[in-house]
There are 2 protein chains.
Amino acid sequence: MNFELTRDYLQTLQELIANDKNSEVQVLIEELHPADIAEIMDNLSIEEAKYIYLLLDGDKASDVLVEIPDDDRTRFLAVLPPEMIASQFIENMDSDDAADVIGELPEELQEKVLANIEDVEQAGDIVDLLNYEEDTAGGLMAKELVVVNENWTVQTCLKEIGAQSEDVDEIYYVYVVDDDQKLKGILSLKKLILNSTSTKIAKIYNDDVISVKTDIDQEEVALVMEKYDLVAIPVVDSIGRLVGRITFDDVVDVMREEAEKDYQMVSGIAGDVDSSDKVWNHTRVRLPWLFIGLLGGILGAQVIGAHEHELTIIPMLAFFIPLIGAMAGNVGVQSSSIVVQSLAAGIPDFESISQKLLKELLIALSTAFVISLCIFIYNYFVSGSLNLTWAVSLSLFAVMIFASLFGTFIPLILNRFKIDPALATGPFITTMNDIIGLLIYFLIASLFFQF
Amino acid sequence: MNFELTRDYLQTLQELIANDKNSEVQVLIEELHPADIAEIMDNLSIEEAKYIYLLLDGDKASDVLVEIPDDDRTRFLAVLPPEMIASQFIENMDSDDAADVIGELPEELQEKVLANIEDVEQAGDIVDLLNYEEDTAGGLMAKELVVVNENWTVQTCLKEIGAQSEDVDEIYYVYVVDDDQKLKGILSLKKLILNSTSTKIAKIYNDDVISVKTDIDQEEVALVMEKYDLVAIPVVDSIGRLVGRITFDDVVDVMREEAEKDYQMVSGIAGDVDSSDKVWNHTRVRLPWLFIGLLGGILGAQVIGAHEHELTIIPMLAFFIPLIGAMAGNVGVQSSSIVVQSLAAGIPDFESISQKLLKELLIALSTAFVISLCIFIYNYFVSGSLNLTWAVSLSLFAVMIFASLFGTFIPLILNRFKIDPALATGPFITTMNDIIGLLIYFLIASLFFQF
């Protein structure tokens, strides 16, 4: 059943809530997918959302809780008693979701909730998971998985799977381990169905299994799963014991997050925000980069101020200040973003930084030549000053070369030092290039005019 | 087995190839995943890549073919006889991959390849798939799926699945249809394993199935699968008959593509490129936006030229040209990219364009106030001219308000007319805002100075 949230649906729902029509609201929402209910709640006022939430039964309520945005969830849980969080929500969740939800709570509340979880095994799993760094394979994985021993038969397996799979929503692969819990391989359900019940697992499992270690970065996990088209990947500890699995849906979230982060960086937005957020949130994420731009503008004013004398003699020099700035900025963003995108794609790459810079130099030479030639022709016919024509074209050429190399070099260097290279895209690189571009412009101009 | 491509590995391989050590090369690559082999080939010369490729057996060769980049593949296939393409590659592929590969070939070659496919059913499937638009659910789906009739028993099902699953790499869900092939629901393998063999399918399948129609846009498919965490989604025709399925790996590719496209747009890159591409490719994708920047710079020069008189009287006006341009650009990119990102996330949204603009106005007022106040204080103490102080601060305020509203309005309008809103990010919006910003600046300055 495909659900699409419409304005009419929302209005009907809001009227029913306003008139306290409990059972009608329940009828309207009870068949919906948790993701749809979360979407509806996101479009209601906090009171209306709470009204709906309290009508859900335990299982559904915890599924919905996993789907609503982090900060709404934390705010919502903060007012509930720890026993209720533990018994109504956490106990119905997969271990990875439970660990995420608990991890977001204030430290004090975390301990109280953990102490109230009745299922000791589950509480232990959650505590284990909370020990891993949030953005590693360990922080992403769930403890629920279906494991069989290589010495079992298909029949034993099927029985065991029946017992184990109570806790597991979807079985994508059955993992095969030895007596020491070390990961040996995987077994697809298809194989299990198609073999006779007396077959030994050791004979039919696939030992060509791709796994990740717990301390691998989540971006790396996403790249591996994407490269090999894996729907789930087993996670092993440092001596190869199977400790969890990561499913594609978690990795899709990671990919989306990383792509959004890089996009925000290049657009000068310092944090997560979407158009439905409050004015204050928008202001908060925009101001940091605007301050950088402001600082750049003030430095630019000082560079030009230092050349006021030249400007009074040749006012036409001022005409091309925006051109120099814009091109320095554009070229810088282009080259830095290509570096960042290639690094994010995880393509192995055996060129050294100097080889890359050499190549960027060739690209810069060709683009700068074309663009500078255009402005040369324009100025030759329009400005009437051959000196100005040469000064502007040569400056633009030099600025574009510099901006290209700078835009390539900075993210590569950041990456070398394990700093997020995306920091060097967007407003940062435009601002830097703007100022240095102006310096180059006045330097070259001074060679053509006697000031 | 986790493979990591190293420089040493590549060197060893290249030496073996140079010395024509057939069997040693084979040993080195035969255990590798097709995605790894494709990665290796991408790091070799064309001759070396061909050498390796010809050592692969049929099945592996077609798997590798699916993994190598589109344009390499087309170039490679163009020189092979159609019979060989059909028998060695296409016949080993899933229908969706086969349709993609054939769809990339020149029209004439397409027909020859299709005519040479021996399996008539497969050829028919491919022809069917080629009829769908490439970027719709129909263009993305594969014909291979496991279907059972609602009237069967678990036992019949298991037998049928055994027969059908020969063509299907991974079974994620078994689809349940009625006698008219209309999709009724899904059945997880888990359910099938855990129920007795005599149970009727009609009793155990889940009728709450989310599907997409063939003509739905691929971005929409990705959003649906991401929202509901689906590993595969069934595709139905206009009367609800099951015609194919889309798996998560295809959708991950779509997500990656769309995110990259938006990222390139905001960074001013007109096409797919990564750092390993040739200089010419880089030049080609960068020049279009640089021309827009050039045009903007020339228009900017004319705006300033029209106010040359003012600049000779108050040269300090020139100092703040970069500030005005940079802030107009930054603000425009920020606001347009938030709109684009929110639209791409597919969050339902019931605000009208005028409501959005009103909100953006509030954001703009608050950020512009803070930034303008800063520059007011700076100029008040540094410039020594109260007129200049007011002129610059008020201009900056007005420019930021305008740039915000413009950056929000343009992508929303493009989206309303079904044009990709991402067109309005990056260099386009910066350039427009630059020029209009200068106009506003000189207009406001003229109110404070008697020229």
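What you see is a predicted model, where local features need pLDDT of at least 70, side-chain atom pairs count only at pLDDT 80 or more, and totals for chains, interfaces and linings use all residues. Residues are numbered from 1 along each chain as its sequence is written, while chains are lettered from A and ligands numbered from 1 in the order in which they are written.

Let's start with confidence. pLDDT is the predictor's confidence in each residue, from 0 to 100. Chain A averages 89, and 99% of its residues score at least 70. For the complex, the predictor gives an ipTM of 0.87 and a pTM of 0.87. Helices (H or I, at least four residues) and strands (E, at least two) are DSSP runs, numbered from the N terminus.

| Element of chain A | Mean pLDDT |
|---|---|
| Helix 13 (residues 189-194), lowest | 78 |
| Strand 4 (residues 212-213), highest | 96 |

Now for the meeting of the chains. Residues are in contact if their C-beta atoms, placed from the backbone, lie within 7 Å. Chain A brings 101 residues to the contact and chain B brings 101 residues. On chain A's side, helix 17 (residues 279-306) gives the most, with 16 residues.

Finally, the sheet. Two strands pair if DSSP finds at least two bridges between them. In chain A, 3 strands make an open, mixed sheet in the order 4-5-6. Strand 4 and strand 6 (242-247) of chain A are its edges, each pairing on one side only. Strand 4 runs parallel to strand 5 (residues 232-236) of chain A, joined by 2 bridges, and Val212(A) sits opposite Val235(A).

Notes. Contact = placed C-beta atoms within 7 Å.
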